[in-house]
Amino acid sequence: MMAHRVVGKPIGRVDGFEKVTGEARYSGDVTLPDLVWGKVLRSSLPHARIVRIDTSRAKSLPGVLAVLTAADLPKLLVGRRMFDMPMLARDRVRFIGEKVAAVAAIDPDVAEEAAALIDVDYEDLPAVYDPVAAIAPDAPVLHENPGAYDGAPAERPHPNVQSVLRFKLGDVEAGFREADRTFEHVFRTQLAHQGYLEPHAGVVAIDDEGRVQVWASNKMPFRLKELLSHALQLPPERIRVNLTPIGGDFGGKGSLMDLPLAYHLARVTGRPVKMIMRYTEELMAGNPRHPAVITIRTGVTRDGRIVARQVKALFNSGAYAAFKPAPSVNLGGTGMGAGVYRIPHLLIEGLCVYTNNIPCGHARSPGEPQMVFAGESHMDMIARELGLDPAELRRRNLLRDGDHLANGHHLEHVRAEETLEAALKASQWHEPKPGPWIGRGAAMTHRHIGVGFTNARVRLETDGTVTLSIALPDTGTGAHLVLRQVVAEVLGLAIDLIEIEVATTDDFETDSGVGGSRVTHTGGRAAYHAAEKLKEQIQNEAAKLGVPASALAVIAEAAARQGRTLEASHFFDAKAHAAVTSFTAQVAEVAVDPQTGQVTVRRFTTAHDVGTIINPIGHQGQIEGGLIQGLGYALMEEMKTEDGRISTLSLGDVKLPTVQDVPPLTTVLLEGPVGPGPFNAKAIGEGSISAVAPAIANAVADACGVRILDLPITAEKVFFALKQKPPAATKARS
Amino acid sequence: VTRVVRLTVNGAAHELEVPTYRTLLDCLRYDLGLTGSKEGCGVGVCGACTVLLDGKMISSCIALAVFADGREVTTVEGLADDERLHPVQQAFMDAGGFQCGICTPGQVVAAKALLDANPTPSEPEIKEWMLGNLCRCTGYYKIVESVRAAAQRSQP
């Protein structure tokens, strides 16, 4: 491999000064003269007709500047892809937490007090909470004609279905006829918040020229501009999104949330408006990870080869489809029902279903933790039935060079088996376990290297430094430092000489923003090519001046004297995925306490098939952070609901992992020379989260014979399952 | 109802009139413009609002501003000595102890308080002390590493 000077170095010291000193200004920190605060009143019922709203008491509270209801707003629905959500409920509410009225006041406390003074009379409507019940023939219908919404997919087997996503290979019925044995299991996963510690925040101001200035915790500034243009019925050039750091994203910071309301409050009051969701509001009305009910049926031959698989996933999408950004209005991760395996005959169907619950959205590797929990638990259950080592069953079915994914995507440079072997070796899979009630479990997944488009501009300054200008917000992934390292490498400069300048939506044409494991790839390539162009300019100028190309200040000053700036831009647009992916293999070693059912992860091994690592600190940080989110999802995190009412409305109740929940970790990195990113980089942000829960579930089964089919794997579930031993028999048909 | 509060924040004396329900966090952020301290959970669970009150760690989102009357508050903005970062801040940068940064002000204030109380903490002691500071980005490994490095850096 080519030797690099800056790429691959564990550089930390030049990034994060603003964050460790408190100087970084997040959207909730933005302040403007005459700023006022917006707050909302939310529905207390899961499904009801609004009979009457009385805002008179709220309006007469001193300090209140405006109170809005749907009657004050245009009849317009908002969304990211399917536009089915009102800015404020009109005539009807469909979940507890839906916005019914908005208030602007001089401070947040007055605004909250005013919201509480709004009286709403409701008339209950029949509600439905479970996705299985919601698609029964006589289920209450949430939306009379969902097919008429803008962006609604055509296929709709039931009025409560938002979308159907289907992956098909071969002929699944014929495939099952080839099987010697068939296994079917049903898995359930929980409602889970992304857990970012910065609740959604935004400031909207209408400036002297009538332009709408926006500061928001939103990771896709240009898409936000488009969506606001639609929601506010303003031409896009009237809107400027100003980028701020984002206090955690994990898929959750791409929706409009309160921004349209902040605009209307700003319009009515003539003052800038700030709206910050309380964390309680995040937990009742954010855009969390979809809960799922997943039925998976696999046909295998006697020697453990998979010949057919059928998967049906019901995602409990809540009251609106508005938070899903993909054109399918579904979750791409549904395709992971096929796992990392070669399956000749496959049919996966994912249905997103309307229910009277919190509307769900994207979360780190959307759909994958759900599907991988189901698929990888299922693999272990099959292995047990066949009397095979679960690692061996996987080995016999892994994807190989030239195979394709569920969506038909062709793969090369497949390193699934190497990754599995590396994890087995590092975890001492074949060694005897250190004692009773201790078990080991393995699980695998893979994640694409994301695609999209990014603009980058590099400029040589007269002091010899180089400025990289981009309109990608900093969500905390370390991407800005990665991009600086790429530019430094291309130009042969020290990292300290590359400054980053965060642009606004005025400064570039477009950008696909942050998400989907794309930034190192698309941002990195845009920065790489822009830097290459600048390098050529520098060399040409140096030759003309007769100075070495390293005399950057001299070159820049000479150009400046002629009124020129040495600057280069590049727009990188990756439309299609490359024929590579990144595999992950993980092994959990757990201890189960037979007295309480408590599961303790004794140690964890994670192996990744990666490309060139640009910043080892940031890369490892992504692995560790995703993994601990996976651990929380496996063992503790849950937003509990009862009849549409979420009972865990504080972060303490949701149980995010703390520093004491973190197990000893072994990481194995299999660096490879093939990746579509700059210097053959791949992606890492979503690689470590999805296989954690099944690895732990499989380890629990290995430790005590108890198979938990629904997440999270709490002590209570294990305890009661232990009491009922022998564990529930697998539904096996021969 | 409002009350006049006199408090010292990062060495600077302030006198201001606040509603009695004003939280110390909102007072710091919106009355004094010190937005380094963050509101995460709002109920004293996540630690993003951690500040020192007379040297002791508290959650400023569940403390009232009037409670700080006559007392000394240290926030993240008060840790660096002019342009020289506190060893804890430098260690968080060097070791990757932050990602999105929203919990970082609380983490570094908590870590400073730890090292003030115990300059050579063991790993279990670090984990015990930092238990009240949630981080969703890092998985904590690099936070523990940062605190350990800061402890070493602080040794004479």
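Just after helix H14 of chain A, residue A:Gly563 adopts a positive phi of about 75°. Please bear in mind that this is a predicted model.

Let us step back into the helix itself. H14 of chain A covers residues 552–561, and its buried residues are A:Leu552, A:Ile555, A:Ala556, A:Ala558 and A:Ala559. These residues lie on the same side of H14(A), because the arc they cover around the axis is only 160°. What do the buried residues of H14(A) pack against? Their partners are strand E19 (452–460) and helix H13 (519–545), both of chain A.

I turn now to the nonpolar cores. The largest contains 138 residues, and within it A:Val590, A:Ile696 and A:Ile713 touch the most other members. If we leave aside neighbours within four places in sequence, A:Val590 is in contact with several residues, including A:Trp437, A:Ile438, A:Val599, A:Val601, A:Ile696 and A:Val700. As a general remark, nonpolar side chains in soluble globular proteins tend to be buried together.

Next, the sheet. Seven strands of chain A form an open sheet with mixed pairing, in the order E3-E7-E1-E14-E11-E12-E13. Which strands stand at the edges? They are E3 (64–69) and E13 (239–242) of chain A; each has a single partner strand, so one side of each is left without a neighbour in the sheet. From one strand to the next, the twist averages 20°.

Within this sheet, strand E1 (residues 36–42) and strand E14 (residues 273–276) of chain A run parallel and are joined by two bridges. Here A:Trp37 stands opposite A:Lys274 in E14(A).

Finally, chain B. Its secondary structure comprises five helices and five strands, which follow the pattern β-β-α-β-β-β-α-α-α-α along the sequence. The radius of gyration of chain B is 15 Å, close to the 15 Å that the globule rule gives for 156 residues, so chain B is as compact as a globular protein of that length. Its C-alpha trace spans about 45 × 30 × 25 Å along the principal axes. Of the 156 residues in chain B, 58% are buried. Among contacts in chain B between residues at least 6 apart in sequence, 54% join residues at least 24 apart.

Thank you for your attention.

Definitions and conventions. Residues numbered from 1 in each chain as written. Chains lettered and ligands numbered in written order. Predicted model: local features only at pLDDT ≥ 70, side-chain atom pairs only at ≥ 80, totals over all residues. Heavy atoms only, no water. Core = buried A, V, L, I, M, F, W, Y, C linked by side-chain atoms within 4.5 Å. Buried < 20%, exposed > 50% of the residue type's maximum accessible area, 1.4 Å probe, protein only. Contact = heavy atoms within 4.5 Å. Helix = DSSP H or I, 4+ residues; strand = E, 2+ residues; numbered from the N terminus. Arc of directions from axis to C-beta. Pairing = 2+ DSSP bridges. Axes fitted to C-alpha atoms, helices over the stretch in contact; angles between N-to-C directions. Rg over C-alpha atoms; globule rule 2.2 N^0.38 Å.
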